[in-house]
Amino acid sequence: MLMIRPSDYQRGVAVEPALHPECAWYSRRACVMLAGHVDRYNPCGGSPLNRCADPRCRCRFWTSTEDNDATQGREGKPAEAWYEAWIRFDDYRVFTVPADESGPAATGIALRRVPLLRLRKVRDPAPDGRDTEWMDILAKIVAARKLWNNLALGEFADNNPWLPTDPASSTAPSRR
């Protein structure tokens, strides 16, 4: 499962790491951005990190948000809408999108030409944020496709003369 913004989908890369569904459930409640408790990104880009002098301490692996190219350009901007996107495990592929006018280079999970199994809005954008109606429509299309596939593959398909009897067939039988 991925947490994506409309801008991530447009660029074709999910910059946030993939989550197990139970971790996503927790994140939707614990993360102030996903939970909708804040309407703007942090204007400072993160708090300073205090690393200790002990060379064995794991704090030496901490990175600041300034080192994270994926967060550059968000500082102080209105919060975007966030969506929960489900893709097949086989479609998880690490990908780097080059820098362009829409943002800096970013590495994450590729989204281009990857079918979405489910797309659900997690939070609305900030009142002064970008319009995300097109992404909401995409979520409805994904939901309708899932519903249709479930109907076609379930018990309903056994008694439905409009559905092909052969799963490989692309045409429906004529009505009796």
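A residue is called buried when its relative accessible area is under 20%, exposed when it is over 50%, and partly exposed in between, with a 1.4 Å probe and protein chains only. By that rule D8 is buried, because its relative accessible area is 3%. Keep this residue in mind, as we will come back to it.

First, a word on the model. It is a predicted one, in which local features need pLDDT of at least 70, side-chain atom pairs count only at pLDDT 80 or more, and totals for chains, interfaces and linings use all residues. Residues are numbered from 1 along each chain as its sequence is written, and side-chain values use heavy atoms, with hydrogens and water left out.

Let us start with the overall layout. The protein chain has three helices and six strands; helices (H or I, at least four residues) and strands (E, at least two) are DSSP runs, numbered from the N terminus. Read from the N terminus on, the order of elements is β-α-β-α-β-β-β-β-α. The chain has 176 residues, and 31% of them count as buried. Its accessible surface, from the Shrake-Rupley method with a 1.4 Å probe, where for residues only the protein chains shown count as cover, comes to about 11,900 Å². Carbon and sulfur atoms hold 56% of that surface. Taking a contact as heavy atoms within 4.5 Å, we find that 69% of the contacts with a separation of 6 or more are between residues 24 or more positions apart.

Now for the inside. A nonpolar core is a set of buried Ala, Val, Leu, Ile, Met, Phe, Trp, Tyr and Cys residues joined through side-chain atoms within 4.5 Å. The largest one has 16 residues, and L2, I4, L116 and L119 touch the most other members. Strand 1 (2-4), strand 3 (82-86) and helix 3 each supply at least two residues of this core, and helix 3 gives the most, with four. A second, separate core has 10 residues, among them M3, L34, W82 and V122. Not counting residues up to four places away in sequence, I4 touches Y9, A14, A81, W82, Y83, A85, L111, L119 and M135.

Back to D8, which is found in helix 1. Leaving aside neighbours within four places in sequence, D8 is in contact with M3, V13, A14, V15 and L111. S27 counts as buried because its relative accessibility is 18%. Beyond its neighbours within four places in sequence, S27 is in contact with L19 and L34. The C-alpha atoms of S27 and M3 are 9.6 Å apart in space, while the two residues are 24 apart in sequence.

Charged side chains come next. A salt bridge is a side-chain nitrogen of Lys or Arg within 4 Å of a carboxyl oxygen of Asp or Glu, and the whole structure has 11 of them. One joins R5 and E80 at 2.8 Å, N to O. This pair links distant parts of the chain, 75 residues apart: R5 is in the loop between strand 1 and helix 1, and E80 is in the loop between helix 2 and strand 3. Both R5 and E80 are buried. Another bridge, between D128 and R40, has an N to O distance of 2.9 Å. D128 counts as partly exposed because its relative accessibility is 48%, and R40 is partly exposed as well, at 41%. R88 and D90 also form a bridge, their closest N and O atoms being 3.9 Å apart. D90 counts as exposed, at 62% relative accessibility. Salt bridges that share partners join R5, D8 and E80 into one network, which brings us back to the residue we began with.

Lastly, the aromatic rings. Rings of Phe, Tyr and Trp (its six-membered ring) pair if their centres lie within 6.5 Å; planes under 30 degrees apart count as stacked, over 60 as edge-to-face and the rest as tilted. The whole structure has two aromatic pairs. Y9 and W134 form a tilted pair, 6.2 Å centre to centre with 40° between the planes. Y9 belongs to helix 1 (residues 6-11) and W134 to helix 3, 125 residues apart. F89 and Y92 have ring centres 6.2 Å apart and planes at 45°, so this pair is tilted. F89 is exposed, with a relative accessible area of 73%, whereas Y92 is partly exposed, with 25%.
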